Amino acid sequence: VLGPVDNSTLQSTTVNFSWETLDFADTYKLQIATPDFETAQTIVEDTIVSATAFTKTLEVSNYQWRIKAINSAYETPYSTQNLTIED
């Protein structure tokens, strides 16, 4: 994960999620939940992307986001980060 790193606090509601390329990954599964995945009130995003970046506009709140790499035979465990958007 390149950013936002775990426990980041941002003042901007437009967030650029980015991660390093993983060898042999065809796509990446990105999920964003509020306030977290264990007690999710809302899954804000649940998407498959082929790029190593994704931009999303979020409301002021606490979030958890996670990413995993996928190919036709395998997938990695999720890498999960906490994120806070403030005014």
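Predicted model: local features only at pLDDT ≥ 70, side-chain atom pairs only at ≥ 80, totals over all residues.
Leaving aside its neighbours within four places in sequence, which residues is Lys68 in contact with?

View 1. Lys68 is found in strand 6. Beyond its neighbours within four places in sequence, Lys68 is in contact with Thr27, Tyr28 and Lys29, and also with Glu75, Thr76, Pro77 and Tyr78. With one of these residues, Glu75, the contact includes a polar one: the two side chains are joined at 2.5 Å. Is Lys68 buried or exposed? Lys68 counts as buried because its relative accessible area is 11%, under the cut-off of 20%.

**View 2. The largest pocket and its lining.** The volume of the largest pocket is about 190 Å³. Residues that line the pocket include Val1, the run Trp19, Glu20, Thr21 and Leu22, and Tyr28. Ile67, Lys68 and Ala69 also belong to the lining, as do Thr76, Pro77 and Ser79. Strand 6 (residues 61-70) provides the largest share of the lining, 3 residues. Sorted by class, the lining has 7 nonpolar, 3 polar and 2 charged residues.

**View 3. The largest nonpolar core.** In soluble globular proteins, nonpolar side chains tend to be buried together. The largest nonpolar core in this model has 15 residues. Those that touch the most other members are Phe17, Trp19, Leu58, Trp65 and Leu83. At least two residues of this core come from each of strand 2 (14-18), strand 3 (27-34), strand 6 and strand 7 (79-85). The largest share, 4 residues, is supplied by strand 6. Trp19, a member of this core, also lines the largest pocket.

Methods:
Residues numbered from 1 in each chain as written. Heavy atoms only, no water. 1 Å grid on protein atoms, 1.4 Å probe; cavity = no way out; pocket = protein on both sides within 12 Å on 5 of 7 lines; lining within 4 Å. Points joined across faces, edges and corners; volume = space filled by probe spheres on them. Nonpolar A, V, L, I, M, F, W, Y, C, P; charged D, E, K, R; others polar. Core = buried A, V, L, I, M, F, W, Y, C linked by side-chain atoms within 4.5 Å. Buried < 20%, exposed > 50% of the residue type's maximum accessible area, 1.4 Å probe, protein only. Polar contact = N/O pair within 3.5 Å; in protein donor to acceptor, adjacent residues only side chain to side chain. Contact = heavy atoms within 4.5 Å.
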